[in-house]
Amino acid sequence: MTESTVPILDILLALLFPLLIVLVGRRFLPPFPWSDVRQLLTGFRISTSHPFSLTRAYSSYLKYGLLSKQEAAAMERSYVSIGRAHKHLGFKIGYPRKLNRFKEAIDRNTATATAIAALAAQEFSLEDTPCETNQTDLGRVRESLKHFVRDWSEEGARERDKIFRPILRVLEQVPVSERAGMRVLVPGSGLGRLAWEISQLGFITKAVEFSYFMTLAMRFLFSPDTTTKANQHHIQPFAHWFSHQRSNEALFRTVAAPDVVPRFSSRLELIEDDFLKLRHPTRDATSSTDSSASSGPGYDFIVTLFFVDTSINIFSTIEKIYYLLRPGGVWINLGPLLWPGSAQAKAELSLDEVMHLVQEIGFSVCPSGGTDEVRAPQTVECEYTSDKNAMMRWIYRAEFWVATKEP
Ligand SMILES: C[S@@+](CC[C@H](N)C(=O)[O-])C[C@H]1O[C@@H](n2cnc3c(N)ncnc32)[C@H](O)[C@@H]1O
Ligand SMILES: *[C@@H]1O[C@H](CO)[C@@H](O)[C@H](O)[C@H]1NC(C)=O
């Protein structure tokens, strides 16, 4: 036997044992899918968890700095591969300095990302072994940094005002004295600003959000352990988008958050779950007596902002809204119809079709040109996590409507 054949034999033998175990296992154990077997042979992979799960979000915040620095390193490699003459020009316009500023921005954002992960670890007693994450997860963390601007910065006030105003005007029609007995549900609540504003009006508000990329950041902003004063946290949320920037000052500008200090309370609760799994709220004795309007189980209002089109099955979503409202309850919607791509959605409806469906399910939609101008449908030109200084703008012509569950 020559020396080189020995390792090959060893390897073959080593492979034989797991294979035997698998074959014997398939013979005597309850059936398990071949994909499990494949995974066994390709090496164990720690729980391929839900894309928006707690572990995945936690790990992604924890690794934000590491993954972002890899991105910065790739950009640096790209740059240094140009010739001497171009590098000389690049130096003259200060490009190497810009790449350094990018790394500094990552460091600044890492402070916040790490603090978000630390709070999650504390509140959920997480183990400190993060799971695998990739560029998709990094993208979600960067996205939630932009939601800091949309929901909780002074810079985002303009974006918020356009979309919150029509919604809050409907809720403000309710006399102040009746609000404390009314329940409002906000599905797909993101970083929670709209839900918080509604609770500030005096309603009992529930924010529902199933992405922990959102809720961990929300917890960070709402917790007295991590946020004690306005504009305490400083991030550079636009640093990851070099495109469409007029200047590096714009690209690397710092945004402070939160512009007001929010807290959870008896009036504002966060449900970290799938909206489609919710049941009717149970009414406690105090609230059932003080308002004739909110009798029976169900929410008085459901408010959807940039939400209904994110669902895989629009039929289930609207049916669920209907089911969760009390008879006479009101659904307020504002948003576009940007269906999830690549045939993920069961159906991709036009606005006409959505409005038809809403009526088929049993809602009556407040008409235009009626007496109630506040509840009339309207098209709202608005933005979503925009960069106000950028050289491009993405404008939605979102639709606003108010629909009542027939009593
Ligand atoms: C386009 S975002 C809008 C967020 C927020 N309303 C805003 O306007 O900034 C939609 C949000 O809905 C959440 N979402 C989608 N389907 C959900 C479901 N079935 N249950 C809970 N949250 C859901 C997503 O995680 C995402 O944060
Ligand atoms: C990242 O991982 C998830 C889950 O493992 C996978 O679905 C996704 O396609 C991956 N994305 C990239 C860019 O590799």
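**Entry 1: confidence.** I note that this is a predicted model. I looked up the pLDDT of the protein chain and found a mean of 89, with 84% of residues at 70 or more. Two stretches fall below 50. Residues 29-48 stay under 50, and I find seven contacts beyond four places in sequence for them. Residues 285-294 are also below 50, with 13 contacts beyond near neighbours in sequence. Where pLDDT is low, predicted coordinates should not be read in detail.

**Entry 2: nonpolar cores.** I looked up the largest nonpolar core and recorded 74 residues. Those with the most contacts inside this core are Y61, I116, V184, V186, L216, I302 and V303. Helix 11, residues 212-222, is the element that gives the most to it, namely nine residues. I then followed I116: setting aside neighbours within four places in sequence, I list Y61, L216, A217 and F220 as its contacts.

**Entry 3: helix 7.** I checked the length of helix 7, residues 135-152. Its 18 residues should span 26 Å at 1.5 Å a residue, and the end C-alpha atoms lie 25 Å apart, which agrees. I count 13 of the 18 residues as buried, so helix 7 is largely enclosed by the rest of the structure.

**Entry 4: ligand 1.** I listed 18 residues around ligand 1, of which G188, G190, F210, S211 and F275 come nearest. I sorted this shell into nine nonpolar, six polar and three charged residues.

Methods:
Residues numbered from 1 in each chain as written. Chains lettered and ligands numbered in written order. Predicted model: local features only at pLDDT ≥ 70, side-chain atom pairs only at ≥ 80, totals over all residues. Near = placed C-beta within 6 Å. Nonpolar A, V, L, I, M, F, W, Y, C, P; charged D, E, K, R; others polar. Core = buried A, V, L, I, M, F, W, Y, C linked by C-beta atoms within 7 Å. Buried ≥ 20, exposed ≤ 12 C-beta atoms within 10 Å, placed from the backbone. Helix = DSSP H or I, 4+ residues; strand = E, 2+ residues; numbered from the N terminus. Expected span 1.5 Å × (residues − 1). pLDDT = per-residue confidence, 0-100.
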